[in-house]
Every structure is written in structure tokens, then in C-alpha cells.
Amino acid sequence: MSKNIILSNQEIEHTIKRIAYQIYETFVDEDEIVIAGITSNGFTFAKKITEVLKNISTLKISLCEVQINKVNPEFSIHTSMTKEQYANKGLVLVDDVLNSGTTLIYAVRHFLDVPLKKFKTAVLVDRNHKKYPVKADFKGISLSTSSLEHVQVVFDENGNNYAYLS
């Protein structure tokens, strides 16, 4: 199976910076925001956005990991922060790839149990194959692909990050 690189390491770094600036612009009136990353690549992407936000803004930024079963997202969802810790704050839910929207919509539903000042979503790659009415407020790239194609994002420990289509 061949790999077609759709985002290089440098493009991902530029995208992270751009999205961080967009988030800051959206939440500039807030004192504190929560960046909630969906387990694995979504959380890694959220950490990278958080690092940039801490360098460019005066906001207090909390990082939260969202543990969700991507195969069966209706199962219990756990977060590294309590509901009280993110209540009445601005929140950005982050994932690497928005494919059908299933994972993101179940994660959104989880956070709707508490009042939030603002709630936005961010993804690195938006596949445009949604089954649910969910959208990314901040996105790196939009792709119209066939449902047989697969998008994979790689964040490796050596900083060699890329996204490919196979």
C-alpha cells in the first residue's frame, strides 16, 4: 500500500502555530481555557497546540486528556480533569483526523454535561465524510477523499511528524 504524504513535518508545525493563533484570537477575552485532546494522536496534537499557546498568549491554559473508545465511542468517556475543573471555562476539543465525526460527536456530548463559556473543536485533517452534524472550528487541511482511502497522522518521538493518505 503506497503512502501519499499530505502534510510534512514543517507543514504540521505551521498548522499548529496557525491554529494556536486562531484559538487565542477566539478566546482572547477569557482568563483561562482548556485544551482537551482525544487520546493518542489527538492528545499529542493538543499538547503541541498548548505549547504554542503558552508562548504567544497570557491565557491560563489547562491540558486535558479525553479517553474514548474510538471503536465504541458510546462507552464511558473519561477525562484527566474533573467536570468542576473545566466548568464555566472556554474549551477546545482536539483530535487529529475528523473522518465520520463519530468520535468527535460523542466527545462533544460528554462536555455538554457542564456549562462552558465557549466550546470549539480543532482537527489537523478534516476528511469530509461525516455521518454526524459536527464540524471543526479550526482545521489544518480539508480533504475530499474516497471512503476506501485512509488518513494517518504520525507524531514520532524524534519530531518527525507527517500525515499521509493510503
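Good morning. The lining of the largest pocket divides into 5 nonpolar, 10 polar and 4 charged residues. Please bear in mind that the structure on display is a predicted model.

The volume of this largest pocket is about 340 Å³. Its lining comprises 19 residues, and the closest to the pocket centre are Lys70, Asp95, Asp96, Val97 and Asn99. Two or more lining residues come from each of strand E5 (90-98), helix H4 (102-111) and strand E8 (151-154). The largest share, 4 residues, belongs to E5.

Let me turn to helix H4. Of its 10 residues, 8 are buried, so H4 is largely enclosed by the rest of the structure. The buried residues are Thr102, Thr103, Leu104, Tyr106, Ala107, Val108, His110 and Phe111. Their cover includes strands E2 (32-38), E3 (60-67), E4 (78-79), E5 and E6 (118-126), together with helix H3 (83-86).

I now come to the nonpolar cores. The largest contains 31 residues, and Ile23, Ile35, Ile49, Leu53 and Val125 have the most contacts inside it. Elements giving two or more residues to this core include strand E1 (4-7), helix H1 (9-27), helix H2 (41-56) and strand E9 (162-165), and E5 and E8 are also among them. The most, 7 residues, is given by H1.

What does Val125 contact, leaving aside its neighbours within four places in sequence? Its partners are Ile6, Leu7, Asp96, Val97, Leu98, Ile141, Leu143, Val151 and Val153.

Thank you.

Notes: Residues are numbered from 1 along each chain as its sequence is written. This is a predicted model: local features need pLDDT of at least 70, side-chain atom pairs count only at pLDDT 80 or more; totals for chains, interfaces and linings use all residues. Side-chain values use heavy atoms; hydrogens and water are left out. On a 1 Å grid over the protein atoms alone, a cavity is a set of points where a 1.4 Å probe fits but cannot get out, and a pocket is an open set with protein on both sides within 12 Å along at least five of seven lines; lining residues have an atom within 4 Å of a point. Grid points are joined across faces, edges and corners, and a volume is the space filled by probe spheres set on the points. Ala, Val, Leu, Ile, Met, Phe, Trp, Tyr, Cys and Pro count as nonpolar, Asp, Glu, Lys and Arg as charged, and the others, Gly among them, as polar. Buried means under 20% relative accessible area, exposed over 50%, partly exposed in between (1.4 Å probe, protein chains only). Contact means heavy atoms within 4.5 Å. A nonpolar core is a set of buried Ala, Val, Leu, Ile, Met, Phe, Trp, Tyr and Cys residues joined through side-chain atoms within 4.5 Å.
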